[in-house]
Amino acid sequence: MPQQEKVIFEYSTPGRGAEDQWPQDPGEAALADLPAQLRRAHPPQLPEVGELEAVRHFTRLSQLNFSIDTHFYPLGSCTMKYNPKACNQYAMLPQFLARHPLAPESSGQGFLECMHELQEMLKEVTGMRGVALSPMAGAHGEFAGVAMIRAYHRSRGDAARNEIIVPEAAHGTNPATATMCGCLVREIPVDAQGDVDLAALKAAVGPKTAGIMLTNPSTLGVFERHIAEVARIVHEAGGLLYYDGANLNAILGKVRPGDMGFDVIHMNLHKTFSTPHGGGGPGAGAVGVGERLLPFLPVPVVGRDGGGYRWLDESDLPQTIGRLSCFMGNAGVLLRAYIYMRLLGREGMRRVGEFATLNANYLLRRLTEAGFDAAYPQRRASHEFILTLKRQARDLNVTAMDFAKRLLDYGFHAPTTYFPLLVPECLLIEPTETESRETLDAFVTAMSQILKEASEEPGRVTSAPHTMPVRRLDDVRAARQLDLTWKPTAPS
Amino acid sequence: MAFIPHTEADVAAMLAAIGADSIEQLFEEIPRELRIRSLDGIPEALNEMQVGRLMSARAQRDGLRLNFIGAGAYEHHIPSAVWAITTRGEFYSAYTPYQAEASQGTLQLIYEFQTMIAGLTGMQVANASMYDGASACAEAALMAVRANRKSHAARILVPGTLHPHYRRVMQATAANQGLKFEELPVAEGLTPLSALQSFEGQDVTALLIPQPNFFGQLEAVDALTDWAHAHNALAIAVVNPTALAILKPPGEWGADGADIAVGEGQPLGVPLSSGGPYFGFMTTRLDFVRQMPGRIVGRTLDAAGRAGFTLTLQAREQHIRRAKATSNICTNQGLLMTAATIYLSLLGPQGLARTAASAHARTRELVATLTRLPGVRAAFPGPYFHEAVLQFDRPVAPLLRALAARGIAGGLDLSPYYPQLGHALLVCATETKTAEDIAQYGAALAEAMAAARAA
């Protein structure tokens with residue numbers, strides 16, 4: 001990998017700039033109508049660099065990253081599958097990019113038709129009755145879902161229901177979302193086999209239960225086998241079931257959340273439907289609902305009116321939880337998901353769940369044969385699985401984090417580390433369906449090699465990585481001596 | 001199909017390794033009665049050639065030749081380099097930089113972004129992006145409730161001159177946590193200081209101050225900021241980043257500067273794209289950094305003493321703090337922030353100032369051209385920036401339809417949002433519009449008005 005790259009401000013030369021990109025100077029007279037006390041006195045601190053300097057700088061920065069296009073990226077719970085280039089190319093057709101969100105609907109019928117079909121396809125694959133596309137990430141979809149649950153209870157005069165139940169291994173966004181919606185969180189344990197502890201669930205539900213948030217397959221990488229019973233218990237207590245779609249890739253085309261009894265679901269289109277993760281977004285967190293929550297969907301949603309399409313808003317859905325984005329959410333991301341679904345089609349979608357599961361089970365088997373311990377050895381893996389390196393940490397004094405960092409030297413992005421917290425020294429590994437057997441085998445070889453190093457030359461592992469642009473970073477220093485913006489005088 | 005590389009031989013060998021007879025057997029833990037056989041509602045697959053034809057046909061049905069709508073999303077020139085680099089696989093197909101050593105590119109870029117956006121707003125610290133301007137505004141209100149220890153009312157004053165959609169998003173996002181939003185009246189397109197008199201002596205948590213406001217009008221930001229601080233309230237600036245090349249930055253408003261600044265980042269290199277993906281930005285005082293939502297990158301040292309970048313202050317975030325996090329936000333709008341950082345590097349302080357000045361000059365030309373027509377006048381007397389409200393002697397909607405038929409998106413009809421303004425239209429021109437474009441709009445509107453008068 002290339003080594004370090006200067007901060008762009010260090011390339012800055014006063015008076016330089018990519019002038020070919022600038023409009024003509026309209027002259028100071030153009031601003032004569034602006035009162036002086038509202039004007040800026042000093043120019044903002046922005047770099048002054050030529051176009052080639054900027055292009056080279058950002059290209060070099062890109063080369064300091066691992067990505068799906070360059071490396072196997074088995075980051076558990078994130079579904080880092082191949083992002084087809086066609087999805088990007090056709091979502092970026094000039095007419096799509098140029099359209100203003102408030103331009104007349106008549107000038108966006110092609111786009112709206114794609115969005116309407118996307119809503120319909122997402123209903124079909126999830127078994128829900130209605131879909132809204134505007135939430136802009138998974139956590140945003142969670143917010144929409146829990147807000148709908150609250151609105152439903154309120155609409156029935158049942159406003160006391162303000163408790164959201166989550167399993168202790170849930171994604172952090174679940175309890176954080178419950179708080180955002182003004183709910184209290186009740187955590188319940190899972191049993192030794194990774195299923196929800198039904199006795200604990202029965203004890204937790206009651207007249208204050210708004211709902212339960214579940215991921216299935218769970219964050220432990222196994223299918224929640226008692227899902228029908230969980231649904232019965234929560235529904236009988238008057239609560240609703242929320243499906244966290246983070247792991248939808250595992251079951252695509254095999255089983256649908258709507259059929260499992262869920263009332264509301266968010267889908268991470270940047271996971272299951274392969275829109276890019278973009279170094280931390282944009283995602284898209286479309287929500288699907290069953291019959292009971294239909295009136296509460298966030299606006300806008302695409303409706304079909306005679307031969308054309310139009311946005312439905314507050315006047316069409318008077319009980320809506322409201323608007324969550326200034327316009328209609330991450331339109332360009334939704335177009336990419338639409339194109340992906342059309343490329344896959346009915347049969348392709350079934351294959352996604354199948355091959356994601358095949359790859360995970362194969363990788364799990366090969367890694368256990370290589371001497372690693374599955375967290376749930378009695379269970380089938382779903383699309384991902386957890387290894388626990390508790391034994392290695394105890395015997396060799398080499399942690400899961402050390403393995404993760406050493407994997408970088410071998411050219412593999414690390415799996416998710418230390419999540420879920422209830423499994424000690426864990427790696428959450430999700431290969432996805434788009435990886436070949438050869439890549440999985442190479443990953444096993446690397447893990448075996450690191451295990452060997454851990455017993456023969458542990459310092460090599462505990463001080464990894466050795467080949468990245470930087471060694472391990474001092475996170476404590478980062479938080480204590482805050483350096484969040486570049487300053488001309490800052491030491492480097 | 002489905003981008004799955006397995007051959008039949010691979011599948012057989014892998015199943016043998018697992019000890020399963022079929023892929024189907026791998027799903028044995030899912031109760032049989034829940035399983036589905038097929039997805040009949042999903043169409044058959046298309047190959048890439050077919051998808052290309054389909055999408056091109058759909059795209060060709062869309063769009064108007066000339067756009068004069070602003071209202072929160074602005075058409076600016078985007079240098080080719082911005083998206084050529086942004087869509088490089090190393091940025092496009094990476095994720096949140098959890099493994100810092102393998103993500104220095106993204107991390108350093110966020111640090112550079114934080115520096116640029118803090119500089120632009122005149123504030124000390126920035127985060128790595130929010131979903132969009134409206135959601136950033138809602139998060140700023142929630143943050144103000146945490147940060148303002150002198151206030152217990154969770155009460156936010158919201159000018160009627162703030163984008164109506166932002167007001168709705170704030171309500172939908174924050175009302176569940178008990179925040180109370182109180183709307184301030186509008187006078188001559190502005191927020192009058194007299195509107196605040198009724199709140200004297202009361203517990204107010206924060207005052208939002210849009211600049212320019214939804215109408216393009218310039219608010220008395222110094223006086224509004226000082227009023228907030230004199231009443232133990234925080235000042236939250238809602239700003240257009242392009243305008244900040246010319247206008248006083250929030251950090252310099254009033255005697256002490258605004259406390260939080262947020263806005264829509266779309267003008268910085270992000271295409272209009274029917275509304276998204278865009279990104280929100282948020283900056284604040286260093287004192288409040290621990291109350292901020294979202295990702296923040298810091299520079300630190302590695303084990304060899306070299307500078308490097310990492311996610312920091314993560315104890316604020318949902319994956320650590322869970323129910324006590326500052327927000328539930330996880331995935332943000334990283335790729336758009338990437339585009340904006342490249343955009344700002346290519347524009348620099350001079351290019352951004354020229355863009356702002358040029359957009360303003362074009363809007364003034366547009367206003368001058370259109371108000372020469374009988375029955376059209378500027379709605380407000382005060383100064384505006386690169387967007388303005390016109391008042392008509394007749395309903396705007398039919399005129400907009402006539403303009404659309406000529407390929408012109410003529411602006412936003414304000415009557416559904418502000419019926420008290422009568423027949424009002426919000427228009428915007430940016431540096432992308434030529435004198436000829438503006439003349440075309442003028443001619444088309446003159447025809448449409450003449451036709452409407454004759455009808």
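Author: Domain bounds come from an automatic or database domain assignment. This is a predicted model, in which local features need pLDDT of at least 70 and side-chain atom pairs count only at pLDDT 80 or more, while totals for chains, interfaces and linings use all residues. Residues are numbered from 1 along each chain as its sequence is written, chains are lettered from A and ligands numbered from 1 in the order in which they are written, and side-chain values use heavy atoms, with hydrogens and water left out.

Reader: How many Å separate the centres of domain 1 and domain 2 of chain B?

Author: Chain B is divided into domain 1, residues 66-74 + 349-454, and domain 2, residues 80-341. Taken over C-alpha atoms, the distance between the two centres is 29 Å.

Reader: What area is buried between these two domains of chain B?

Author: Buried area is the accessible area (1.4 Å probe) that two parts lose on being put together, summed over both. Between domain 1 and domain 2 of chain B, carbon and sulfur atoms give 68% of that area, which is about 2100 Å².

Reader: How many salt bridges does the rule find across the interface of chain B and chain A?

Author: A salt bridge is a side-chain nitrogen of Lys or Arg within 4 Å of a carboxyl oxygen of Asp or Glu. B:Glu24 forms one with A:Lys254, their closest N and O atoms being 3.0 Å apart. Between domain 1 and domain 2 of chain B the count is 0, whereas across the interface of chain B and chain A the number found is 13.
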